[in-house]
Amino acid sequence: MQLKIVLVGERRVGKTSLLERYLKNHFAEAYTGTLGGRVYPTDLEVGLEGEDIALAHIAFFDLMGEHSVRQVFAEPFFFGTQGVLAVCDVERPDTLHLIKDWMDVMTKIAGPVPVGIAFNKIDRADSMAIGPGETAWLRKEFPAAPMFLTSARTGQGVEDAFSTIVSLTVDAVLGKGRASRTGRLFRQRILLFIAGRGSLGSSKAELFSEFKAILPAQIMEELDNLVRLEALALDPSGTKTFVKAAEAHGTTRYWHTQMPVKTVTLSEDAYAALAALKREGESFSEVVRRLARTGRSLLEFAGAWKDFPSEKMDRYLAFLEAGDRLSRAKLARELRRGRK
Ligand SMILES: Nc1nc2c(ncn2[C@@H]2O[C@H](COP(=O)(O)OP(=O)(O)OP(=O)(O)O)[C@@H](O)[C@H]2O)c(=O)[nH]1
Ligand SMILES: [Mg+2]
């Protein structure tokens with residue numbers, strides 16, 4: 001299953017920071033700003049009804065929160081979008097209202113898709129400028145959207161925001177009803193929580209305190225299922241051991257059997273792939289064009305792109321590939337050219 005999930009929101013709200021926290025458990029205080037856009041291809045295991053667990057190849061698209069970039073690159077960015085995480089900054093109420101503009105542009109291109117709204121920088125709740133007026137407005141504009149209080153800085157709510165939007169996206173793509181959603185969602189949350197702890201793993205007691213709203217018996221049942229499915233192990237090396245969770249000591253630790261989160265930025269990945277495929281005397285953009293012609297997708301990992309018109313893809317790929325190396329001045333020139 002291949003999914004495309006896009007992060008939208010104004011500049012500086014913390015889109016890149018949320019992705020970095022979620023995928024790499026990393027946070028940078030310094031603001032660098034995203035130049036153009038980036039794709040984070042990620043493999044996640046998601047719980048599926050009947051099939052237990054499926055691997056989802058998810059491309060998270062991180063877009064610079066700049067209206068001129070949106071104007072020029074809206075189509076390639078939003079084409080094929082299946083889920084959206086819209087981000088605002090709790091210190092700047094305007095960033096909440098402007099989510100509507102992002103959603104309008106996105107919906108025109110990709111149609112209605114599930115959206116979650118992250119109120120980011122909640123660690124600065126002291127200077128929170130979002131009150132009941134804003135929440136009422138939000139409920140009216142996005143009645144179905146789940147809201148998350150997040151902090152990329154502390155990690156609060158980040159796991160929940162991403163796993164919920166992934167789960168809603170999977171549901172929407174599979175066209176399944178809501179009935180089984182909670183179960184799948186919960187299994188995925190356990191997996192993601194334990195995977196996110198990496199080599200630390202997690203004890204039963206830690207899981208109980210993390211998922212206070214879930215009955216311990218249900219947690220134990222899921223732990224057993226996940227161990228049976230070999231998605232979790234009671235040994236950091238993933239060796240098969242099976243002890244019923246109910247019989248295991250509260251401090252027994254569980255480990256994720258394989259780190260499911262693979263992170264490659266498109267620029268690095270495309271660059272490496274291009275460099276490897278380059279023939280003598282060929283320029284990078286010639287390689288891209290040759291690959292596009294032969295139908296061998298450079299972006300196999302970002303499957304949502306497969307239906308994207310190739311001539312547009314060419315231009316966009318070259319732009320993305322160069323993205324991080326472009327100076328702001330060059331980016332501005334690129335944008336002016338794109339607008340003509
Ligand atoms: N205190 C606090 N600062 C945050 C949080 N998330 C992000 N920041 C800071 O806010 C600034 C902007 O974060 P980015 O992630 O670059 O924002 P962005 O939305 O990707 O910005 P553009 O790429 O320009 O659209 C950085 O200095 C981050 O360190 C948070 O949860 N709490
Ligand atoms: Mg960014």
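How many nonpolar, polar and charged residues does the shell around ligand 1 have, by class? In this predicted model, the shell comprises six nonpolar, nine polar and eight charged residues.

**The surroundings of ligand 1**

Ligand 1 is surrounded by 23 residues. The closest of them are Gly-14, Ser-17, Tyr-31, Thr-34 and Gly-65. Helix α1, which covers residues 15-24, supplies the largest share of this shell, namely three residues.

**Helix α4**

Helix α4 runs over residues 99-110. Its 12 residues should span 16 Å at 1.5 Å a residue, and because the C-alpha atoms at its ends are 16 Å apart, expectation and model agree. The buried residues of this helix are Ile-99, Trp-102, Met-103, Met-106 and Ala-110. They cover an arc of only 95° around the axis, and therefore lie on the same side of α4. The face turned away from that buried side carries Asp-104 and Lys-108, which are exposed.

Several elements take part in covering the buried residues of α4; the table lists those named, with their residue ranges.

| Element | Residues |
|---|---|
| β1 | 2-8 |
| α2 | 67-78 |
| β4 | 83-89 |
| α3 | 93-97 |
| β5 | 115-120 |

After α4 comes Gly-111, a residue with a positive phi, near 75°.

In soluble globular proteins, nonpolar side chains tend to be buried together. The largest nonpolar core of this model has 54 residues, and within it Val-6, Leu-7, Leu-85 and Ala-86 touch the most other members. Helix α6, spanning residues 158-174, gives the most to this core, with seven residues. Leaving aside residues up to four places away in sequence, Leu-85 touches Ile-5, Leu-7, Gly-116, Ala-118, Ala-161 and Ile-165. Another core, of 15 residues, lies apart from the largest one. Its members include Ile-190, Leu-191, Leu-223 and Leu-226.

**Ala-233**

Ala-233 belongs to strand β8, which consists of residues 232-233. This alanine has 21 C-beta neighbours inside 10 Å and therefore counts as buried; the cut-off for a buried residue is 20 or more. Between the C-alpha atoms of Ala-233 and Gly-201 the separation is 9.4 Å, although the two residues are 32 residues apart along the chain.

Terms used:
Residues numbered from 1 in each chain as written. Chains lettered and ligands numbered in written order. Predicted model: local features only at pLDDT ≥ 70, side-chain atom pairs only at ≥ 80, totals over all residues. Near = placed C-beta within 6 Å. Helix = DSSP H or I, 4+ residues; strand = E, 2+ residues; numbered from the N terminus. Nonpolar A, V, L, I, M, F, W, Y, C, P; charged D, E, K, R; others polar. Expected span 1.5 Å × (residues − 1). Buried ≥ 20, exposed ≤ 12 C-beta atoms within 10 Å, placed from the backbone. Arc of directions from axis to C-beta. Contact = placed C-beta atoms within 7 Å. Core = buried A, V, L, I, M, F, W, Y, C linked by C-beta atoms within 7 Å.
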